[in-house]
Amino acid sequence: MKLSHHCQLRRYATAYTAKITSTSNLGCQLSAEVSSPSVSSDSRGYPLPRRDLICKISQILTTSPTPLLSFLSFLETLKPQETPTLTSSECSLILKSLSKSPSLSLQFFKSCPSQFPGFRHDTFSYNRLLHTLSLNQYNHHYNDVIRELVADMDNTGIVGNASTLNILIGAMGASGIEWCFELAKKWGLQPNSYTYRCALQAYLRAYQTEKALEVYILIRKCGSKLDVIAYNMLLDNLAKKNKFDKAYMVLGDMKRKFCEPDEFTYTIMIRMTGKMQKPDESLALFQEMLSKGICPNLMAYNTMIEALAKNRMVDKSIFLFSKMIELSCRPNEFTYSVILTLLVAEGQLGRLDEVIDLSKKFITKAIYAFLVKTLGKLGHASETHRLFCNMWAFHDKGDREACVSMLESLCNAGKTIEAMDLLNKIHEKGVSLDTMMFNIVLSALGRLKQISHLFDLYEKMTTDGPSPDIYTYNILISSFGRAGKVDEAVKIFEQLEESDCKPDIVSYNALINCLGKNGNVDEAHMRFQEMQEKGFSPDVVTYSTLIECFGKSDKVEMASRLFDDMVALGCCPNIVTYNILLDCFERSGKTGEAVDLYAKLKQQGLTPDSITYSILERLQSGSHRPSRVRKQNPISGWVISPLK
């Protein structure tokens, strides 16, 4: 086959000499020795970097535990006549290999003039070091080092070039741009389009929109062009700062400069118009993106759906969602969250089935779990339960997060029987029961004072597992105390002391609250002293609880003394503590003490609430509590707190 006359073989810039050492019998294979060419400079006369020397020094510096010492030792092993000189290009290539270690790069850079005879740094080697330091711009120490290096350049008569200027702007950021442009004047440089773009991006990263706009105007005047990334950064910054007119101006410039907007450009503008409550413009931009053959990504779809949702357009949101599915763009949790929030806000939660049916090829257990959790938080227990049942029916294996969310939803709605039923069936879907699930149901039972169910579930837990944890015991103590079951609460506390879990401050607070509010103030005070002996420091809840207990027992002096001890020990009272003690003083007719306490409250910088003002009104009217008939608790005979 003959090559056509216009085809030419590409030749190497360097000629190599080879000697054939052996061939195969058929002549299909051969071996050869290649001699390294003795070429000291390139075709333009510049010295060629010595790769062997560069590799040797780089290897020593990057692998040795003591790189500088090993480097100096290597130089000492050479004979005086063999000590190599180093060119700035070779120094630059070594610095490049050290780019991941700026401190080592700096040490090597500073050692070169003293270790290599006749060596002198030039702009190229300075640029390489400045670039390495710029990669660590968030270490502010290197900003000072960079300024020192530029000062060294001035002292040695080395003038920076356009690359130096661009590197410095990138390294110093917005705070150093004016200094960089002063250097450009000193060095006689005219900033180019890339320099302006670096300055623009530096201002945008610092969210200095006005300065960025000034640079953008300079770019327009000099006729330079930006790439799509720079335009998108500017548009995004303007949109976030609500500079909508400027954003439209920049988009127009972008199109006129023949820089085609991409999907990120349209996403930014759609988000902005949605924020402006202009859904028609958002749709027009979305349609323009499609007409240009740009396939929207997930972010673009989510942004468009969110813009429609903000304007309460349910039908259009669901229609766009259906198109998204048709084009095989998988929705994520954010997509479902936006649509779900819209449906709830517009009272069309029944259409959630339509959304799920549209996306059934993409919907997973994780999405089901997310929807169950979100619906539960929004307080739609029946819809949450129905959705959970769908997931239960269509998936062989359950999802723990969905089960936990369902339990929380049922318990928040007071449907404890259904919650316990679910707790008994969870294992059928391969989900292991854990202590947290039991704690959710136990907490709800205690809150609703369903003591028989509470006790049964605890017995089941201790018999079949999982083992109770500290939260379980604390829930039980609080629950029995709330129901006036003091003996049961004390028994649980004793079980806690004997278990692997030991009481914490929450356990003691729950027990003290149980004892005190059910009439056993002395026992509560003994437990208070016991917790201190065991090394626990009472917190504001402990003190507030015990102060209230003493106050209700007409032991106002003890309540007041406990308050003083609390302050002396550095435990700051909160507004609840002040309200409790104010109420004690008001009931016992200690008006002066109440006024002094209110003054302390104000000095501490606390804001009085409605309860505080209610107590103050009673003080002003002179209607003290002893003259009022109060309601008795049918369980303990305890007088119900006015603060409850």
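The questions below concern a predicted model.

Q: Why is Ser 58 called buried?
A: The relative accessible area of Ser 58 is 10%. Buried means under 20%. The value of 10% falls under that cut-off, so Ser 58 counts as buried.

Q: Where is Ser 58 found, and which residues does Ser 58 touch?
A: Ser 58 is found in helix 1, residues 51-63. Leaving aside residues up to four places away in sequence, Ser 58 touches Ile 94 and Ser 97.

Q: What makes Arg 128 partly exposed?
A: Arg 128 has 24% relative accessibility. Buried needs under 20%, and exposed needs over 50%. The value of 24% lies in between, so Arg 128 is partly exposed.

Q: In which helix is Arg 128 found, and which residues does Arg 128 touch?
A: Arg 128 is found in helix 5, residues 123-134. Not counting residues up to four places away in sequence, Arg 128 touches Ser 92, Leu 95 and Lys 96. Contact here means heavy atoms within 4.5 Å.

Q: How far apart are Arg 128 and Lys 96 in sequence and in space?
A: Arg 128 and Lys 96 are 32 residues apart in sequence. From C-alpha to C-alpha, the two are 6.9 Å apart in space.

Q: Why are helix 29 and helix 31 called roughly parallel?
A: The axes of helix 29 (residues 540-552) and helix 31 (residues 575-587) cross at roughly 10°. Angles under 35 degrees count as roughly parallel. The crossing angle is roughly 10°, so helix 29 and helix 31 are roughly parallel to each other. Their axes come within 9 Å, and the crossing is left-handed.

Q: Which residues of helix 29 and helix 31 meet, and how do they divide by class?
A: From helix 29 come Val 540, Ser 544, Ile 547, Glu 548, Gly 551 and Lys 552. From helix 31 come Thr 577, Ile 580, Leu 581, Cys 584 and Arg 587. By class, the contact of helix 29 with helix 31 has 5 nonpolar, 3 polar and 3 charged residues.

Q: What is the crossing of helix 17 and helix 19?
A: The axes of helix 17 (residues 333-345) and helix 19 (residues 365-377) come within 10 Å and cross at roughly 35°. The crossing is right-handed. Helix 17 contributes Glu 333, Tyr 336, Ser 337 and Leu 340 to the contact. Residues from helix 19 include Ala 366, Phe 370 and Leu 375. The contact residues divide into 7 nonpolar, 2 polar and 1 charged.

How values were computed:
Residues numbered from 1 in each chain as written. Predicted model: local features only at pLDDT ≥ 70, side-chain atom pairs only at ≥ 80, totals over all residues. Heavy atoms only, no water. Axes fitted to C-alpha atoms, helices over the stretch in contact; angles between N-to-C directions. Helix = DSSP H or I, 4+ residues; strand = E, 2+ residues; numbered from the N terminus. Parallel < 35°, antiparallel > 145°, perpendicular 65-115°, else oblique. Left-handed = near helix turned anticlockwise from the far one by under 90°. Nonpolar A, V, L, I, M, F, W, Y, C, P; charged D, E, K, R; others polar. Buried < 20%, exposed > 50% of the residue type's maximum accessible area, 1.4 Å probe, protein only.
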